[in-house]
Amino acid sequence: MLKRLFRLIVKELQVTAGDKKARLMLLVPVLLQIVIFPWAATLEVKNSTIAVYNQDGGPASIEILQRLTHTPAFERIIAVHSDGALQDSIDSQQALLALRLPADLSRNLQAGRPATVQILIDGRHSNSGQIASGYVSQILQATRSEHGVRPTSIVNIRNLFNQNLNFKWHIVPSLVAIITTIGCLTVTALSVAREREEGTFDQLLVSPLTPGYIMAGKAIPGVLVALGQAGLIVLAAIFGYGLPFTGSILTLLMAIIFYGLALAGIGLFISSISANQQQAFLGVFSFMAPAVLLSGFVSPIENMPTVFQWIAWMNPLSYFIPLAKGLFLKGFGFADAWPFLWPMLVIATCTLSISLSLFRRHIA
Amino acid sequence: MNIPPSTGAALEVRGLVKTFAPGLPPALDHLTTSFHAGTITGLVGPDGAGKTTLLRTLAGLLQPTEGSVRVLDMDPFTQGDFLRDQVGYMPQKFGLYEDLSVLENLVLYADLRNVTGEDRERSFKQMLAFTDLARFTDRLAGKLSGGMKQKLGLACTLLGSPRVLLLDEPGVGVDPISRRELWRMVRGLASEGLTILWSTAYLDEAELCDDVRLMNKGNIIASGTPKELMDQMRGRCLHVANLKAQRREVLRKALHDPEVVDGVIQGANVRVVIREVGRFPDLAAMEAGPDAVLVEVDPRLEDAFISRLGGVHGGDSALAAVTKPVELPASIDPEAVIEARGLTKRFGEFTATDHVSFKVSKGEIFGLLGPNGAGKSTTFKMKCGLLKPTEGQALVMGLDLKFSPSEARQRLGYMAQKFSLYLGLTVEQNLVFFSGIYGLDGQQQKEKIHELVEAFGLRPFLQTKTVDLALGFKQRLALACAVMHEPQILFLDEPTSGVDPVTRREFWTHINGLAQKGVTIMVTTHFMDEAEYCDRIALIYRGKRIAMGTPDDLKGMVVTPDCSNPTMEDAFIELVLRADREREAKVSQ
């Protein structure tokens, strides 16, 4: 029977990567995403504009302006000379942030008194505005402390694992997870639906192959595709984006296999409830979007409502993304990875057995 | 180029050439013909003869490479805007929206054809009455049977009252009863003065047309009324009757006779077409038995068609030649290689198959017939293990498919109507795959593939993608894949749907050859001439087996003074209607 399973796998790979067009379909989306994602999905604020109404003109204000000039976040500083112009710079979207330095700023600071500074943020870009205002606050804080105003406490931040807070270091390992999700789901969910449409599925069912073998014949190629695509992204991450890979390669392989199996189970589940490729495609998408959102990729799982946190625990992506990051940046070995590996294995077991029973029932 | 004055024909083409790609033979090759208003003209020809290309050109969808096209005395390419309302085109797969209801589909097509207001109300009422779909207006189009889909497609095409109807194989996948209804509808339209073209690969359908064009390789090889074409064959069609020997063996030998150009099985007899009137084949060489006689029978359109194409020669199946005779283990009853015991399938409240029983013996060809949606497919699926029976047993060589599926399945071969092959794989990859999942490997696998490739003439196409194969070769490949593991039982689900007569002859030569080797064969079909090849037939209607017997038995059941020599189709329709009458009688009691 193993030889027959081998035939099934070879057939599946021939179908998915047999001709040039099919191979391009597997590769091009991966390459595109490797190129686009890290540059486009960035939360860093760079090259924006700040408007400053300097009513003070004293040493403190000059100090602040010089520090702003040297921040990569602000490429341009517009000097305005009235409150109206300050407001207008935000309204007309000339500046992301507007800063009013009051006339008594330097005087107050020199006297050791607290000083007030007004920051206007463009609410239409609330996210990047807040991040930029964070940068400004840091500058203000530094200026204040250098002028002898003692802050209540001093926080020195040192970032572990990604010292320079390079956003790409954060994005690219997550990509390993997200891109392989698409590949693996397509192979499992869509290919069963395609066989059903073309009638070849019945041809498999009348053969001596049992539903278990037929499923394995779909799941294993799915995992192989996941391995191939993930490998490609890992290479691109190391050689293209210069990420360090500090963990264990073997553990990474194991992680991809477990993750691939969990996905294959989901893909086969989708395929066993959809009648054609169109439905399977919709199924893949209705899984993908929430899975990415509930994985902690976009926002931390801990911030979500409790019910959503439960769902996130059942999401294989919630384990694979932190694991990938750990393997790249934190030097994860097998022991560190285990807390992430076993849930994926449990999820894989569940999804695969559910789809197997659905498969069986479908035949009955 | 000078266009000669119009001849008054509704549709006219002159010197029509259509080439799709340089290097390929043209799909239409200097074709000249015309079609008249108020007639149904049958376009008949094998797959790839150019029927669809001609229809699409007339519909203004394809620009001809050369030649002229006139539709209602207009040019479909420069005056297409006006003609659009005048021409109704129904492609092979009419674009019904399967997720919309019958009524929603009608509304959509009415909107597209700009049929509004009172006009719409009137034509909907008319169409629904005409198609007898009024009861099903809320049903999703996807849930309709094949025949009902075609009727709805025709209704959508008829919205806006076109004057020309171009129908591309409307009869494919439609059972005899629905086909008769479809035909009645189209006949009514013709009497209203519409010009109708009906393309088909089935000659019995074409016999009903007023006028026929036999097409081959992009040209017309014969035209005339069916009667004219059939009369040319008079005296050349014979039954070899009173056979003592196996009729399949007689057919095989008859096809070797140089005087014979075509031969099929018809009931207990073998029907042959001879080369020339009066030059009879040698009965002794056929070993038909001492009582065998030749009886002249009425010609059919199919005879004219096959003989124009050069006839069929040699009744030997290369496949049967490489097939080992089936030897069953002593424990298996040769009278019950396949057995259904009270086979029942319920889907919720609905009983699709209701206590159907039958036995099929070794080397027998057993046919399952029935109207669309009558439970024939459900029964068939249970027999090959694709569906689990709710009640009863499906036995294959004594093994219950429910309990030992893998073991039982290893012994059966299955060929589905759509030739379920991996279209993206090459011919060789398909052969390797299907033999592989049945456990063939190594040298044995190589030899088997080699044998079948030679038997089916697939050698030149080994590296060809299956999707690019011509339909006839796809069918050969599908059969090759189904018999690779030398199954003792072969299940064929509408195996020749949409295939032309010549290819069908070849296919049945193989099937007959396999049956002679002892392979037990179960087949479903909508085509009555195919039913004639069966040793026995079970007619399934409303989930029940309403009749079973040899083709001649079934015909015998419907003999009346009015109809002394019923055809298989007559038998089919009469038996179904009789079952309806009995049911109604019971209900009214």
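**Reading the features step by step**

Modeller: Gladly! Let us begin with a pair of helices in chain B: the axes of α9(B) (residues 247-254) and α18(B) (residues 501-516) come within 10 Å and cross at roughly 130°. That angle makes α9(B) oblique to α18(B). Please keep in mind that this is a predicted model.

Biologist: How do I read a pair of helices like that, and is the crossing of α9(B) and α18(B) left-handed or right-handed?

Modeller: In general, two packed helices are described by the angle between their axes and by the distance between those axes. For α9(B) and α18(B), the crossing is left-handed.

Biologist: Which residues make the contact between α9(B) and α18(B)?

Modeller: From α9(B) come R248(B), E249(B) and L251(B), while α18(B) brings N512(B), A515(B) and Q516(B). By class, the contact of α9(B) with α18(B) has two nonpolar, two polar and two charged residues.

Biologist: Let me try a pair in chain A. At what angle do α2 and α9 of chain A pack?

Modeller: Helix α2 (residues 20-40) and helix α9 (residues 211-240) of chain A pack at about 30°, and their axes are 11 Å apart. The crossing of α2(A) and α9(A) is right-handed.

Biologist: Which residues of α2(A) and α9(A) meet there?

Modeller: Look for L26(A), V30(A) and I34(A) in α2(A); they meet V225(A), Q229(A), L232(A), I233(A) and A236(A) in α9(A). Sorted by class, the contact of α2(A) with α9(A) holds seven nonpolar residues, one polar and no charged.

Biologist: Now the whole of chain A, please. How many helices and strands are there in chain A?

Modeller: Chain A has 14 helices and four strands. Its radius of gyration is 27 Å, well over the 21 Å that the globule rule gives for 364 residues, so chain A is more spread out than a compact globule. Along its principal axes, the C-alpha trace of chain A spans about 90 × 45 × 40 Å.

Biologist: Into which domains is chain A divided?

Modeller: Domain 1 of chain A covers 2-41 + 164-363, and domain 2 covers 48-146. Taken over C-alpha atoms, the centres of these two domains of chain A are separated by 47 Å.

Biologist: And where are the domains of chain B?

Modeller: In chain B, domain 1 takes in 11-229 and domain 2 takes in 232-315. Their C-alpha centres lie 35 Å apart. The contact between them uses 11 residues from domain 1 of chain B and eight residues from domain 2 of chain B.

Biologist: Which elements supply the side of domain 1 of chain B that touches domain 2 of chain B?

Modeller: α7 (203-206), β8 (211-216), β9 (219-224) and α8 (226-231) of chain B each supply at least two residues of that side. β8(B) gives the most, with three residues. By class, this side of domain 1 of chain B has nine nonpolar residues, one polar and one charged.

Biologist: Last stop, the two chains. How many residues of chain A are in contact with chain B?

Modeller: The size of an interface is often given as the accessible area lost when the parts come together. Here we can count residues instead: 22 residues of chain A are in contact with 23 residues of chain B. On the chain A side, α1 (2-17) and α8 (200-205) each supply at least two residues, and α1(A) gives the most, with seven residues. The side of chain A that touches chain B divides into eight nonpolar, seven polar and seven charged residues.

Conventions
Residues are numbered from 1 along each chain as its sequence is written. Chains are lettered from A and ligands numbered from 1 in the order in which they are written. This is a predicted model: local features need pLDDT of at least 70, side-chain atom pairs count only at pLDDT 80 or more; totals for chains, interfaces and linings use all residues. Domain bounds come from an automatic or database domain assignment. Two residues are in contact if their C-beta atoms, placed from the backbone, lie within 7 Å. Ala, Val, Leu, Ile, Met, Phe, Trp, Tyr, Cys and Pro count as nonpolar, Asp, Glu, Lys and Arg as charged, and the others, Gly among them, as polar. Axes are lines fitted to C-alpha atoms, for helices over the stretch in contact, and angles run from 0 to 180 degrees between N-to-C directions. Angles under 35 degrees count as roughly parallel, over 145 as roughly antiparallel, 65 to 115 as roughly perpendicular and the rest as oblique. A crossing is left-handed if the near helix is turned anticlockwise from the far one by less than a right angle, and right-handed if clockwise. The radius of gyration is taken over C-alpha atoms; the globule rule is 2.2 Å times the number of residues to the power 0.38.
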